[in-house]
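Thanks for sending this one over.

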Amino acid sequence: MSHHDHDAADRAACAAELARFLNEARSLRRAAAADPVVAARRDRLRAFQSVRLARTHADLLADADSRQAAAFFLSDLYGPKDLSERDAEVERILPLMTSMLPLSGLRTLLLAVEVDALSERLDAAMVRALGRKLDGELDEASYAAGYRKVGERPARLAQIRLIGETGFALDALARKPLLRGLLKMMHSPAQMAGLGELHAFLFRGFEAFRSLCDAEAFVEAVVNREGALALALFDGAETLTTG
């Protein structure tokens with residue numbers, strides 16, 4: 001098999017995986033949106049998780065060097081943001097992206113979409129486990145109990161690992177100066193083609209990692225803290241603090 005054939009096969013495999021995860025995330029979002037009670041509970045769960053993330057990583061959000069990357073991580077990759085718009089855009093231009101984006105860019109997008117689908121799946125399980133507790137003010141002990149009830153240890157740890165991999169992939173992309181020029185140039189055409197969200201996501205990620213002095217230390221800090229918290233919760237912790 002020639003290098004060109006290998007590349008085409010890798011692209012096709014990437015595109016198939018992307019379509020699968022996009023589909024999964026969309027189905028889960030639609031299921032949640034179909035019932036107003038479930039939709040409201042999902043929103044409250046995500047808001048609670050967003051506050052927790054900002055608390056766990058408060059130092060990274062406060063530090064001028066890591067502020068941009070931390071904000072991107074906590075909103076675009078791991079937070080309460082609604083990514084349905086971005087995912088619909090990815091799906092729409094999947095054939096075009098498969099042929100035009102560098103393979104490294106395609107793989108980065110695949111990681112981000114996989115994180116999204118996994119987060120939707122785990123959030124849906126949490127909403128089911130917590131039920132009426134999400135109708136009022138959720139406390140840490142109830143969240144921790146719901147987390148253990150859901151279980152899914154391999155999926156939780158995979159989610160954290162994938163977030164780290166996405167960070168490293170974005171950092172590798174951010175070191176390609178030509179790509180920044182290309183992304184800047186694509187801003188208006190992307191808006192006109194209805195691809196504003198997808199373009200904004202890539203550009204925000206790119207700029208966030210370009211601004212970091214030590215991407216490795218940043219990604220490892222996030223992954224290590226999240227991993228430690230997950231293990232503490234599985235071991236019976238009642239609070240959502242690490243260290």
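**Notes on the helix packing and the cores**

1. Let's start with a pair of helices: H8 and H13 are roughly perpendicular to each other. Their axes cross at roughly 85° and come within 9 Å, and an angle from 65 to 115 degrees is counted as roughly perpendicular. Please keep in mind throughout that this is a predicted model.

2. Which residues make the contact between H8 and H13? On the H8 side they are Ala144, Tyr147 and Arg148, and on the H13 side Ala230, Leu233 and Phe234. By type, this contact of H8 with H13 has five nonpolar residues, one charged and no polar.

3. Aromatic rings deserve a look too, with six aromatic pairs counted in the model. One of them joins Tyr147 and Phe234 in a tilted arrangement, with 5.1 Å from centre to centre and 55° between the planes. This pair links distant parts of the chain, since Tyr147 sits in helix H8 and Phe234 in helix H13, 87 residues apart. Tyr147 and Phe234 are both buried. They also belong to one aromatic cluster, together with Phe48 and Tyr143.

4. For a contrasting geometry, turn to Phe209 and Phe218. Their ring planes stand at 75° with the centres 6.3 Å apart, so this pair is edge-to-face. Both Phe209 and Phe218 are buried.

5. Now for the largest nonpolar core, which has 47 residues. The members that touch the most others are Leu18, Phe73, Val90, Met97, Phe209 and Phe218. Two or more residues come from each of the helices H1 (3–34), H4 (67–77), H6 (94–100), H7 (103–130), H9 (153–174), H12 (196–210) and H13 (215–234). Which helix gives the most? That is H7, with eleven residues.

6. There is also a second, separate core, with 19 residues, among them Phe48, Met126, Leu130 and Ala230.

7. Apart from neighbours within four places in sequence, Val90 is in contact with Leu18, Leu22, Met97, Leu109 and Leu198. Leu18 and Met97 are, like Val90, among the members of that core that touch the most others.

8. Setting aside residues up to four places away in sequence, Arg11 touches Met97, Thr98, Ser99, Leu101, Pro102, Leu103 and Leu106.

9. Phe206 belongs to helix H12. With a relative accessible area of 2%, Phe206 is buried. Its C-alpha is 9.3 Å from that of Ala69, although 137 residues separate Phe206 and Ala69 in sequence.

10. Finally, a backbone detail to look at: Glu152 has a phi near 55°, which is a positive value in a residue other than glycine. Where does Glu152 lie? Its place is in the loop between helix H8 (140–150) and H9. Glu152 is partly exposed, with a relative accessible area of 34%; that class covers values between 20% and 50%.

Note on methods:
Residues numbered from 1 in each chain as written. Predicted model: local features only at pLDDT ≥ 70, side-chain atom pairs only at ≥ 80, totals over all residues. Heavy atoms only, no water. Core = buried A, V, L, I, M, F, W, Y, C linked by side-chain atoms within 4.5 Å. Buried < 20%, exposed > 50% of the residue type's maximum accessible area, 1.4 Å probe, protein only. Helix = DSSP H or I, 4+ residues; strand = E, 2+ residues; numbered from the N terminus. Contact = heavy atoms within 4.5 Å. Axes fitted to C-alpha atoms, helices over the stretch in contact; angles between N-to-C directions. Parallel < 35°, antiparallel > 145°, perpendicular 65-115°, else oblique. Nonpolar A, V, L, I, M, F, W, Y, C, P; charged D, E, K, R; others polar. Phe/Tyr/Trp six-rings, centres within 6.5 Å; stacked < 30°, edge-to-face > 60°.
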